[in-house]
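Biologist: I would like to learn how to read the pockets of a model. Please take me through one case.

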Amino acid sequence: MKKVELISLFNLSEAEMTRKEQGQLKGESCSCSCTYGCPTLTHVMIKKILIMLLFIVPMLVSCIESINKIDSRSNSINSKTHNDIDQSNLITIDLDEEYPKTSLSIEEIANVEYLQLETTNNAFISSVSNIAMSNKLIIICDRLLGEIFLFDRKGKYLNTISNRGNGPNEYNSISNFCVDFNKEEIYVCDYQLKYRILTYSFEGEFIRSTKLIDRIWPETIYSCDENYFIVLNSNISNTTSSSKTHNPYKIINKNTGKIVDLPIKTELRETNYSLSKKGDIYNYSKINIDQIIKAKDGFIISDFVIDTIYHYKNGNLNPIAIIKKNHSKNNSNLLSSVNLITNKYIFVNVIKKEINNNTKQISETDQRYLFYNKAENRIYETEIYSSDITNSKEMQWDSYGMDLPDGCFIKVFYADRLIDLLENNRIHGKLKEEALILEENSNPILMIVCFK
């Protein structure tokens, strides 16, 4: 009976509802003189509240179920532990082995595009910290300036996100950033005493702030899907775990900040950065080599101290290759990481790091590329060169801080460096044509390489 009354009330027009509340409908007139109002009005209001609850309660239940579903999915990551891996079926790359040497012309195996980023009064890039690219946009993060620049795929400037400050919708600094092109959201990691991730639209409008439950410091962060981030935590000493083993790779819920460990454990950590303090001044230096890259519709994890290379996608963590390093040799400062996977090749970046005992600054003393040719089932040490650049060392590249389509990488050429190469006749072809119209304060030129 109550259900029938609620439906009939719901179908009343607003005018009829107003009249009913005032006791003006036939049979609903009220002659009472109660102090606190007419009981008829009270009954109607109660019924209206019940109607609202019929719609609100299911929505709340649905939201709670959705959050629980997200969190439970994070806890059900499928993986193979180190002991479960059959290494005989995996590619093995031995860092101590002398592989045959070869050279690769980038123009023969990939499509190369040079893109000049437009320079305006609102878009002057001092340093490229991170790059995210889709088929429509290129987004540049300049951590030094604390700004994020948006360009279209032709290099035309679109917008700047510059929200540095101490307000609730502002960041103290950009510790890292990533992009979700499907949701058109930009995520700024603000870890300077705040440990949070701020979300902005592509137009720069503030959307939300997500406080991280644990005090992690994502050295690398990507948008994993619409609900999660995947991160490498470099702040292990400040987490709440008291275990001697660590899970440096995490999945973070974008909305709740809940953190779930990926089942990759290690007791040792090897870093590609150095942080020292002299007086009141902190000195920070870093080698650009990344332990997570975006590839194959998921992510490749190649940790510096773990010999297994994993592919993570849709909650599944699977081994794809083995990196062998003889720890008894002088290899403690040898860093290796997959920096690109294509349909034909797997590229591994191998760097030897050195720390200056006086300045405590970190630098690379040697760099080489190993690549696995899938068609030949062979591994080579390769030198990559471009017909547009005389010195092949100028073509050294990495995937650090880049969110790019599969099989692509970007080499950043700053204007002052290109002008110097031009004056010394060390660049040619299309790159020379681009350099001829540069000024020293021009924004960088991007060399966008996508493998065939």
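Modeller: This model is predicted. Start with the second largest pocket, which has 24 lining residues; Asn 182, Ser 223, Cys 224, Lys 294 and Asp 403 are the ones nearest its centre.

Biologist: What volume does the second largest pocket have?

Modeller: About 570 Å³.

Biologist: Which strands each supply at least two residues of that lining?

Modeller: Strands S9 (176-180), S19 (292-295), S20 (298-301) and S21 (308-313) do. By class, the lining of the second largest pocket holds 9 nonpolar, 6 polar and 9 charged residues.

Biologist: And the largest pocket: what is its volume?

Modeller: The largest pocket has a volume of about 1400 Å³. Its lining counts 41 residues, and Arg 143, Tyr 284, Lys 286, Asn 288 and Tyr 400 are the closest to the centre.

Biologist: Which strand gives the most to the lining of the largest pocket?

Modeller: S18, with 4 residues. Strand S18 spans 281-286, and among the other strands that each supply at least two lining residues are S5 (130-133) and S25 (362-373). The classes in this lining are 18 nonpolar, 15 polar and 8 charged.

Biologist: Now a single residue. Is Glu 97 buried, partly exposed or exposed?

Modeller: Buried means under 20% relative accessible area and exposed means over 50%. Glu 97 has 40%, so this residue is partly exposed. Glu 97 sits in the loop between strand S2 (91-94) and strand S3 (101-105).

Biologist: How far apart are Glu 97 and Lys 324 in sequence and in space?

Modeller: They are 227 residues apart in sequence, and 9.3 Å apart in space from C-alpha to C-alpha.

Definitions and conventions. Residues are numbered from 1 along each chain as its sequence is written. This is a predicted model: local features need pLDDT of at least 70, side-chain atom pairs count only at pLDDT 80 or more; totals for chains, interfaces and linings use all residues. Side-chain values use heavy atoms; hydrogens and water are left out. On a 1 Å grid over the protein atoms alone, a cavity is a set of points where a 1.4 Å probe fits but cannot get out, and a pocket is an open set with protein on both sides within 12 Å along at least five of seven lines; lining residues have an atom within 4 Å of a point. Grid points are joined across faces, edges and corners, and a volume is the space filled by probe spheres set on the points. Ala, Val, Leu, Ile, Met, Phe, Trp, Tyr, Cys and Pro count as nonpolar, Asp, Glu, Lys and Arg as charged, and the others, Gly among them, as polar. Buried means under 20% relative accessible area, exposed over 50%, partly exposed in between (1.4 Å probe, protein chains only).
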